[in-house]
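Dear colleague,

I am passing on to you the structure that we spoke about.

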Amino acid sequence: MAEPSGKKSRREFIAEGIRTGGLVAVSGALGSLATRAHSGGTVWQIDPHKCVQCEKCATECVVSPSAVKCVHAYAMCGYCRLCFGVFKDKRTGNTTTAENHRCPTDAIKRTFVEDPYYEMYIDEPLCIGCALCVQGCERFGNGSLFLQIRHDRCVNCNQCAIANVCPAQAIVRVPASQPYLLKTVG
Amino acid sequence: MRRALFQLTVLLSAPVTAWAQEQEKQPPPEFSAGYQPPTITIPGPRAELFSYLDIAILFGVLCLASYLVLKKRSRSDLRVLVVFSLLYFGFYRYGCVCAVGSIQNVTFAISNHNYALPLVVGAFFLLPLLFALFFGRVFCAAACPLGAIQDVVAQRPRRVPLWLEHSLGLIPYLYLGAAILFAATGSAFLICEYDPFISLFRLGGKVEIVTFGAVLLLLGIVVGRPYCRFLCPYGVLLRWLAPFARWRVTITPAECVQCHLCADACPFGAINPPTPAESRSRRSEERKRLAVLILLLPLLALGTGWLGYRSSPLLARMNPTVSLAERVWLEERGRVSGTTETSAAFRNLGQPNEWLYQQAAGIRKQFDTGAWLLGAWVGLVIGWKLIALSLRRQRTDYEADPAACLACARCYQSCPVEHLRLPPLAGEFYEGPA
Ligand code: SF4
Ligand code: SF4
Ligand code: SF4
Ligand code: SF4
Ligand code: SF4
């Protein structure tokens, strides 16, 4: 208030310039972001070929139960009667009893198709993404079970909390328009 | 001995692995009856349309906040808006993405050409800055969910001693520098990882972070908005821009009557007292000190820059690729026995070690430059703080510091001129410190 008016107006003039510049820059930046392709952003996804089934996906996700679920690529599946995704790898005795199930929440259901084939089906609300079944299927089976971040549950954190701890750096940003990295035959 | 044991386990496990690899995959069966396998469902992410809605709501909240703070001067209406933002941007949108974290996306998009900045993130980064240029920190007043949750708990704010306020006030600058370095090198999103309140919005999270958030909130009862003042890196950007605002918080709606009643009204220490008239000799003394400081500034920046450069290997180790490469290198040389979960995962991929070393070398180089800059930045910030402390601007009234004022509208009620403006009995209760 005590400043001479000349100084005041010069300062005000500079501020005016900065404000106008800011307005132009921001509108320009937002305009170019809006018109560019892929402005829809990215989501997080697990690369199933990198994942080593460390079991962290069950515990590290910020939503609980985890947004990571087991997904089944049916085209790769052998429809084994003794599915090692479903059962623990005991090779003697009665293997198909309930206490020999691998899944801690009993989320894998199997239904009889025809002799000797069974279809394995993931009951998604029960699955906690622990990857135990994936381990079994990777090691002893066709590798048709794998983990994926399910986008109906994932809240798309700016930094995925599982990606922070994933030992295989398997969790990557993918375009939101192609939000899954599915396993396919071959 | 250890080495021998390791080799023994390798030897023993070799046949097992071989057996697993030899295992024939079951060919997909050919079913006799017309069996149709189920299709894999792929539920999509949140529709893009909603992100436009988020932008529109942010814009609306910023406009409304500017109006309520600067034109209507109503704390009680603003409070409603604060609660709305807390519920919408905080609890409903899980506090993500927020303006504070968007700094990292912007940095990452600049340094990494494979990452395209999403429009919604760009808008969350730019709109609050633009509003700061015109209306001051109205984003902090009512739109930021992190600010909102602290604002709600700030019930018994006490004054923080000036020396402490100034020293703690340096932390956001360092945090900003570190966050940019780590985002630019693709190492981590520090701001997201250490966001104290996000676990509250999501109702779950890591124990350490939940504790950190709880401590900040408890502290926030007696120290107004501790995260905003002593941590928030986005606040630094707002601080730079807010002093250019065309319309900003003035404690009194008209002429100041020099009653000094507003002196303690701000819970965030953003009100500057009038400066005492200075003698001529003191002035010239201060001018000399200022000249020395300005001359010292480059030296200081150079020194801290060098220190930063020296700590580059240490910082680089926080990058997952670099630390993995170091581990694999040690394993290759036989300096350590066994594998870690991470190195085992890398071996599982079957990539050659050299490929990994090359990646790590590239990142280390980025860190060398980045750590130099970070160090120099720290020096500049400290130097500039010292200069700013000796650059006293003349004030005859109590004034809200445009850089630090969070536009919360609390101080208005302390001004008797404000009460003249309000219709009788319609005034709200004074909310400042008791
Ligand atoms: S954290 Fe990574 S390696 Fe572990 S199960 Fe999840 S995706 Fe797989
Ligand atoms: S074993 Fe784990 S990952 Fe597999 S279905 Fe059960 S809960 Fe899901
Ligand atoms: S982005 Fe968040 S919600 Fe989604 S999987 Fe990762 S941690 Fe879970
Ligand atoms: S200072 Fe930071 S955390 Fe606080 S309200 Fe402003 S942007 Fe939000
Ligand atoms: S509006 Fe007043 S009370 Fe609120 S932060 Fe600004 S100076 Fe402090």
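The notes below go through the chain, the ligand shells, the aromatic rings and the cysteines.

This is a predicted model, in which local features need pLDDT of at least 70 and side-chain atom pairs count only at pLDDT 80 or more, while totals for chains, interfaces and linings use all residues. Residues are numbered from 1 along each chain as its sequence is written, chains are lettered from A and ligands numbered from 1 in the order in which they are written, and side-chain values use heavy atoms, with hydrogens and water left out.

To begin with chain A, it has 4 helices and 6 strands (DSSP runs, H or I of at least four residues for helices and E of at least two for strands, numbered from the N terminus), and these follow one another along the sequence as α-β-α-β-β-β-α-β-α-β. Of the 186 residues in chain A, 47% are buried, where buried means under 20% relative accessible area, exposed over 50% and partly exposed in between, with a 1.4 Å probe and protein chains only. The domain assignment divides chain A into domain 1 (9–38) and domain 2 (42–175), the bounds coming from an automatic or database assignment, and the centres of these two domains, taken over C-alpha atoms, are 49 Å apart.

Two ligand shells follow, a residue being counted if one of its heavy atoms lies within 4 Å of the ligand. Around ligand 2 are residues of chain A, among them Cys70(A), Cys103(A), Cys127(A), Cys130(A) and Cys133(A), and the shell divides into 10 nonpolar, 2 polar and no charged residues (Ala, Val, Leu, Ile, Met, Phe, Trp, Tyr, Cys and Pro count as nonpolar, Asp, Glu, Lys and Arg as charged, and the others, Gly among them, as polar). Ligand 4 is surrounded by residues of chain B, including Arg137(B), Cys140(B), Cys144(B), Arg225(B), Cys228(B) and Cys232(B). Helix 6 (138–143), helix 7 (145–153) and helix 13 (226–230) of chain B each give two or more residues to that shell, which holds 8 nonpolar, 1 polar and 2 charged residues.

Over all chains there are 20 aromatic pairs, counted where ring centres of Phe, Tyr and Trp (its six-membered ring) lie within 6.5 Å, with planes under 30 degrees apart taken as stacked, over 60 as edge-to-face and the rest as tilted. Phe84(B) and Tyr88(B) are stacked, because their centres are 5.9 Å apart and their planes at 5 degrees; they are 4 residues apart in helix 3 (residues 75–92) of chain B, and are therefore separated by about one helical turn. Phe84(B) is partly exposed at 36% relative accessible area, whereas Tyr88(B) is buried at 11%. Phe108(B) and Tyr115(B) form a tilted pair, at 5.2 Å between centres and 45 degrees between planes; Phe108(B) is buried at 11%, and Tyr115(B) is buried at 7%. Arg173(A) lies over the face of Tyr115(B), at 5.2 Å from the ring centre, where the criterion is NZ of Lys or CZ of Arg within 6 Å of the ring centre and within 35 degrees of the ring normal.

Finally, the structure holds 0 disulfides over all chains, a disulfide being a pair of cysteine sulfur atoms within 2.5 Å. For Cys96(B), which is buried at 12% relative accessibility, the nearest cysteine sulfur is that of Cys192(B), 5.7 Å away.

With kind regards
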